[in-house]
Amino acid sequence: MNRADDTPRIDEWFRDNLRCPIDGGQLRWNDAKAGLISDAGRYYPVVDGVPVMLPEGVVPTLEGVQNSRAKIVGGAPWYLESVFLSDLEKEGILRLVAKGDGIDPVAAYLVAATNGLGYAHLRGELKEYPIPELRLPPGQGGVLLDIGCSWGRWCAAAARKGYQVVGIDPSLGAVMAARRVMRALGLEARFIVGDARHLPIRTGAIDTVFSYSVLQHFSVKDAKRTFDQVSRVLSPSGLCLVQMPTRYGLRCLYNQARRGFRETKGFEVRYWPVGDLLKAVGDRVGPAEISVDCFFGIGWQPNDSHLMPPVFQGVIAVSEWLRRLSRSLTFLPWLSDSVYVLARKRPDQQSTGRSNPKRSPKS
């Protein structure tokens, strides 16, 4: 960016690393429009310091995100028009706003939508923020991009582990909730409203990319496009850790059977064969390996066991036992419901390059 045109509204990291999501071009601040302008004349609003980098003319992955542009500034500070929740849930958020009990009202309702159905009993009843354990090495100040950050639980986990966190999500309301949650927890992060398929970040700017319970909602084509973008923004030898559901886990098979094993559509969950997932990530990012996240569903986190009823505590305990067992029984990851794919970008890897994925499960 042209620093002469910058204002204090734009964070320094944004000045150095934001790019046009369409053509990758430089951006400059436009004071009259209170936003960023690309060399090609494309406009990206900045809402209360948060760049809204959604490319126009692109079909969104999530209903309502077209409302994340600055046209809805009147919805501040909650921006509920851009949050993927029902009208009834939005009414519940407004009741919590009036109550003012200390927990962010948007996060209190997004928790069930983002953490899994096992958290449905906490919807609107949240008393503390369920922050999981990030299964990555200490950050040591490296930059971590959380794709699909929603209300910020993984951003908080990464910040606590020593990463400089950048969260990106297509929902302005979710991103603003994440910023409020981080501040409440005494943690720091930067946030962008953007599309994972068109990351508005310069090539090589990110040390680690993380994503949980997000790309499962993308078509195979869109997921592969996102992996290409991940490869592009990663620095040489950068790490990518992505969670995805599998095709042959018990709970995943049950969910597929409920919908008659038909083709997925819209925002429905896609269940990937582990081999296909390894190949998709390995071909686009770098040599990939698989490890178990959990069994009997998607989203079980042992750190949250104390928030669960006894039956769910038992599910988490058995899932964790099987996860540990999977270190020695290498077939178990292929039968789990949720896996992590870890890939390290080769220094010479291009976003459309090819490499051979490893199939050596570990956790």
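Select helix 2 (residues 87-99) together with helix 3: their axes come within 8 Å and cross at roughly 145 degrees. Axes here are lines fitted to C-alpha atoms, for helices over the stretch in contact, with angles from 0 to 180 degrees between N-to-C directions. Helices (H or I, at least four residues) and strands (E, at least two) are DSSP runs, numbered from the N terminus. The model is predicted: local features need pLDDT of at least 70 and side-chain atom pairs count only at pLDDT 80 or more, while totals for chains, interfaces and linings use all residues. Residues are numbered from 1 along each chain as its sequence is written, and side-chain values use heavy atoms, with hydrogens and water left out.

Helix 2 passes helix 3 in a right-handed crossing (the near helix is turned clockwise from the far one by less than a right angle; anticlockwise is left-handed). Display E89, G92, I93, R95, L96 and V97 of helix 2, which meet P105, V106, A108 and Y109 of helix 3 (contact: heavy atoms within 4.5 Å). By class, this contact of helix 2 with helix 3 has seven nonpolar, one polar and two charged residues (Ala, Val, Leu, Ile, Met, Phe, Trp, Tyr, Cys and Pro count as nonpolar, Asp, Glu, Lys and Arg as charged, and the others, Gly among them, as polar).

Helix 3 passes helix 5 in a left-handed crossing. On the helix 3 side, V106, A107 and L110 meet G173, A174, A177, R180 and V181 of helix 5. The classes in this contact of helix 3 with helix 5 are six nonpolar, one polar and one charged.

Next, go to W300, in the loop between strand 10 (288-294) and helix 9 (310-325). W300 counts as buried, at 9% relative accessibility (under 20% relative accessible area, 1.4 Å probe, protein chains only). Beyond its neighbours within four places in sequence, W300 contacts G118, C294, F295, M308, F312, V315 and I316.

Finish at S319, in helix 9. S319 is buried, with a relative accessible area of 1%. Leaving aside neighbours within four places in sequence, S319 contacts C294, F295 and F296.

Methods: Buried < 20%, exposed > 50% of the residue type's maximum accessible area, 1.4 Å probe, protein only.
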